[in-house]
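Let's take a look at the charged pairs in this one, and then at a hairpin. Have the model open alongside.

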Amino acid sequence: MNKVNQFLGEKDGQKLCAEIYKEEFGYSIKYFINGTLQTTESFPNNSIYYVEDAAENWLLGIKTL
């Protein structure tokens, strides 16, 4: 698993981080709030652009976990 990108943001005084990893089967995102892992989401059949959009949408509050 290799980290390929990271998105940072802040909402309501909380620090948000979405880390994108390249895995054998595709991509995954690890979602963090204030440095604590909230969940991991797998994207086995999606492009890196789709996965980056998902990470950005979470930071903007469009996507919920």
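## Lys-3 and its partner

Lys-3 is partly exposed, at 44% relative accessible area (buried is under 20%, exposed over 50%, partly exposed in between, with a 1.4 Å probe and protein chains only). Lys-3 makes a salt bridge with Glu-19, with 3.7 Å between the closest N and O atoms; the term means a side-chain nitrogen of Lys or Arg within 4 Å of a carboxyl oxygen of Asp or Glu. The two sit 16 residues apart, Lys-3 in strand S1 (residues 2-11) and Glu-19 in strand S2 (residues 14-23). Helices (H or I, at least four residues) and strands (E, at least two) are DSSP runs, numbered from the N terminus. Glu-19 is buried, at 12% relative accessibility.

Keep in mind that this is a predicted model, where local features need pLDDT of at least 70, side-chain atom pairs count only at pLDDT 80 or more, and totals for chains, interfaces and linings use all residues. Residues are numbered from 1 along each chain as its sequence is written, and side-chain values use heavy atoms, leaving out hydrogens and water.

## The other bridge

How many salt bridges are there by this rule? The count is two. Lys-63 and Glu-41 also pair up, at 3.2 Å from N to O. Lys-63 lies in the segment after helix H1 (48-60), 22 residues from Glu-41 in strand S4 (residues 36-43). Lys-63 is partly exposed at 22%, and Glu-41 is partly exposed at 23%.

Ile-33 faces Thr-36 in S4. Two residues separate the strands of this hairpin, and Asn-34 in the turn has a positive phi of about 50°.

Methods: Two strands pair if DSSP finds at least two bridges between them.
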